[in-house]
Amino acid sequence: MEQDKKLKLFIAYSHQDNLQENSYIIEQFRKHIAPLKENGLIEDWYDRKILPGEDYQSKINNNLEDADIICLFISANFLFSNECQKEKERALELRKKKGISVILIILSHCGWQDDEDIFKLLALP
């Protein structure tokens, strides 16, 4: 890998989790990874970067395909969401095909260990 190349980080989450009062989970996470961004090691992407009038599904798909690291913010809301499940499935396909890192971040108690696709992956609290 070139030293100048930033790793592309894709953030997948349920909007329901990000809307909870005083939660703003993604913004908190982005604050924690700010030193990595400032040092030019990563660039993050999540769906709030989509501009009005853009084809949102195309943007999501393109950024997911181009990612070097995919963070899945797992919660009951995430597991319930059809869109999140599609992103999870694609992330796991990319993990198998391209060796992309998929990192599970468990947001709350939920049935993630009952999900046969992800329960074998090491997860972070």
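The radius of gyration is taken here over C-alpha atoms, and the globule rule against which it is compared is 2.2 Å times the number of residues to the power 0.38. For the 125 residues of this protein, the rule places a compact globule near 14 Å; the predicted model has a radius of gyration of 14 Å and therefore agrees with that expectation. The C-alpha trace spans about 40 × 35 × 30 Å along its principal axes.

The secondary structure comprises six helices and five strands, which follow one another from the N terminus in the order β-α-α-α-β-α-β-α-α-β-β. Of the contacts between residues at least 6 apart in sequence, 65% join residues that are at least 24 apart. Buried residues account for 38% of the 125 residues. The accessible surface amounts to about 8,200 Å², with 49% of this area belonging to carbon and sulfur atoms. Charged side chains number 17 positive and 22 negative, and the centres of these two sets are separated by 3 Å.

The largest nonpolar core contains 22 residues, and the residues with the most contacts inside it are F10, I70, L72, I74, V102 and L104. At least two residues of this core are supplied by each of strand 1 (7-12), helix 4 (56-66), strand 3 (69-74), helix 6 (82-98) and strand 4 (101-106). Helix 6 provides the largest share, with four residues. A second, separate core consists of 13 residues, including L9, I42, I69 and F73.

When neighbours within four places in sequence are left aside, F10 is in contact with W45, I60, N63, L64, A67, I69, I70, C71 and E87.

Apart from neighbours within four places in sequence, P125 is in contact with I105 and I106. The C-alpha atoms of P125 and I105 are 5.7 Å apart in space, although the two residues are separated by 20 residues in sequence.

Definitions and conventions: Residues are numbered from 1 along each chain as its sequence is written. This is a predicted model: local features need pLDDT of at least 70, side-chain atom pairs count only at pLDDT 80 or more; totals for chains, interfaces and linings use all residues. Side-chain values use heavy atoms; hydrogens and water are left out. Buried means under 20% relative accessible area, exposed over 50%, partly exposed in between (1.4 Å probe, protein chains only). Contact means heavy atoms within 4.5 Å. Accessible areas come from the Shrake-Rupley method with a 1.4 Å probe; for residues, only the protein chains shown count as cover. Lys and Arg count as positive and Asp and Glu as negative; His and the chain ends are not counted. The place of a charge is taken as NZ of Lys, CZ of Arg, CG of Asp or CD of Glu. A nonpolar core is a set of buried Ala, Val, Leu, Ile, Met, Phe, Trp, Tyr and Cys residues joined through side-chain atoms within 4.5 Å.
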